[in-house]
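I opened my notebook to look through this structure step by step.

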Amino acid sequence: MSSETKSSSNFKVKIQRFGSHLSGMIMPNIGAFIAWGLITALFIPTGWWPNEELATLVGPMITFLLPILIGFTGGRLVYDLRGGVVGATATMGVIVGADIPMFLGAMVMGPLGGYAIKKFDQAIDGKVRQGFEMLVNNFSAGIIAGILTIIGFKGIGPIVLTLNKTLAAGVETLVQANLLPLASVIIEPAKVLFLNNAINHGILGPIGIEQAAREGMSILFLLEANPGPGLGILLAFVFFGKGMAKQSASGATVIHFFGGIHEIYFPYILMKPALILAAIGGGAAGVFTLLLFNGGLVAAPSPGSIFAIAAMAPRGGFLAVMAGVLVATTVSFLIASVILKGSKSTDDDLAKATEKTSALKGKESRASSLVAKEEEAPVEEKEVNKIIFACDAGMGSSAMGASIMKNKVKKAGLSINVANSSISNIPMDADIVITHKDLTDRAKAKHPKATHISVENFLNSPKYDELIEKLK
């Protein structure tokens, strides 16, 4: 591999990690974002059921609650609860020092607070006299949090505010010039390369929330979440695909469109890279349609299911949103159909593509459940009370795996706690940790005393039944 190729790969990995870090701050708090979105959609003056009293909840939630939750989560990712408390406190500095919702500021101050208190604790480790531990712990956290709050208020807040306004102005310029559909040229390939978190959670989400708070909705929530481009490609495989790709496309369509798990169609594009043109064309057509009919959402839909998108549609804007999805699907389907009709794909291509998907993402692809194979791994015999499924964010594929294992444990009559978490928050009392093979090394470093099981996919692993038999 050439030095240029290595440099490009390293850069991509860094961007992916950055996106994963941003996702790790946002995803655990999606429930709060949805709660705010529903209250906004229902009770603001232009909502479905306007209520002046309940509408007063909208401002404080977006100004204080959501940024503080992000700051706490960011700090906790770096240094557990102690880091979370300092991160949340430090976030108040950028909140009070700005006149817009400080989501970007929270993404800075949260991890910074966790990092600062972590480094302090490391510096004084073993140097505190016996009996003074609680005093030092409490005052050090308070002093560091106070200093960072002032720094955020006076220094970081204004910088982030300027950056936020610059990005918002850039987006507004694209909207006014009717050039926003061109964003699909960047967003659609980024999704396939798993760089979407950096774009979606780092830029589009915060600006979209600000716009929604000001105007009642934002088109930015649909730039990446629109299921139309992926749906069109999968439908093209249903009608014009070959072999395993055709057979699996119908199931993938349901998971993608109704379940909101968009990554399931990425291997289909990697199998035939020319299909990225269908994704871009569908995405651009969907955005153009949304601009034409003034479509948008009141909050970010997560996951990107058609049900979540419909729930986040503003009053009077449902048809505009559905039109954006329908047009994106139609255009994507037509382009993909032309490409597939002239395709020479073989049955082996999808299996190779799922492997490539996992390599690009750095963890298991949900689509691999349709075709992936596994190698057996031994499980250490010992008393087992807790099984943990772990992935990057601890909410997607690991939650699915945990749900499957819970059912198997229940049917087997075993008294074992099964749960899911992120890699960074694996509980220390976990007896068995199940991860995708690309994440096992990280999981072992986090909890070396547990028994670790590597799987190719969380949705359809033969190792689950093997484990149950051993646990019996």
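**Entry 1: Aromatic rings**

I found that Phe239, Phe240 and Phe333 form one aromatic cluster. I am working with a predicted model, in which local features need pLDDT of at least 70, side-chain atom pairs count only at pLDDT 80 or more, and totals for chains, interfaces and linings use all residues. Residues are numbered from 1 along each chain as its sequence is written, and side-chain values use heavy atoms, with hydrogens and water left out.

How many aromatic pairs does the structure hold? I noted six. Rings of Phe, Tyr and Trp (its six-membered ring) pair if their centres lie within 6.5 Å; planes under 30 degrees apart count as stacked, over 60 as edge-to-face and the rest as tilted. One of the pairs is Phe239 with Phe240, which is tilted, at 6.4 Å centre to centre and 50 degrees between the planes. Phe240 also pairs with Phe333, again tilted, at 6.2 Å centre to centre and 35 degrees between the planes. This second pair links distant parts of the chain. Phe240 sits in helix α8 (residues 228-240) and Phe333 in helix α13 (residues 318-341), 93 residues apart. Helices (H or I, at least four residues) and strands (E, at least two) are DSSP runs, numbered from the N terminus.

Next I looked up exposure. Buried means under 20% relative accessible area, exposed over 50%, and partly exposed in between (1.4 Å probe, protein chains only). Phe239 has 54%, so I wrote it down as exposed. Phe240 has 29%, so Phe240 is partly exposed. Phe333 has 21%, so Phe333 is partly exposed too.

**Entry 2: Positive phi**

Asp80 lies in helix α3 (residues 58-96). Asp80 is partly exposed because its relative accessibility is 46%.

Asn294 is not a glycine, yet I read a positive phi of about 55 degrees for it. I placed Asn294 in the loop between α11 (276-292) and α12 (306-311). Asn294 counts as exposed because its relative accessibility is 54%.

**Entry 3: A nonpolar patch**

I listed Phe132, Leu135, Phe139, Ile143, Ile147 and Ile151 as a nonpolar patch on the surface. Together they have about 590 Å² of accessible area. Like charges are joined within 9 Å, nonpolar side chains (Val, Leu, Ile, Met, Phe, Trp, Tyr) within 5 Å. Accessible areas come from the Shrake-Rupley method with a 1.4 Å probe; for residues, only the protein chains shown count as cover. Phe132 is in the loop between α4 (103-124) and α5 (133-176). With 43% relative accessibility, Phe132 is partly exposed.

**Entry 4: Whole chain and confidence**

I counted 17 helices and four strands in the protein chain. Of its 472 residues, 51% count as buried.

I then checked pLDDT, the predictor's confidence in each residue, from 0 to 100. The chain averages 79, and 79% of the residues score at least 70. Among the elements, helix α14 (residues 348-361) has the lowest mean pLDDT (53) and α13 the highest (94). Over residues 369-378, pLDDT stays under 50. Where pLDDT is low, the predicted coordinates should not be read in detail.

Definitions and conventions. Patch = residues over 30% accessible without salt bridge, like charges linked within 9 Å, V, L, I, M, F, W, Y side chains within 5 Å. Salt bridge = Lys/Arg side-chain N within 4 Å of Asp/Glu carboxyl O. Contact = heavy atoms within 4.5 Å.
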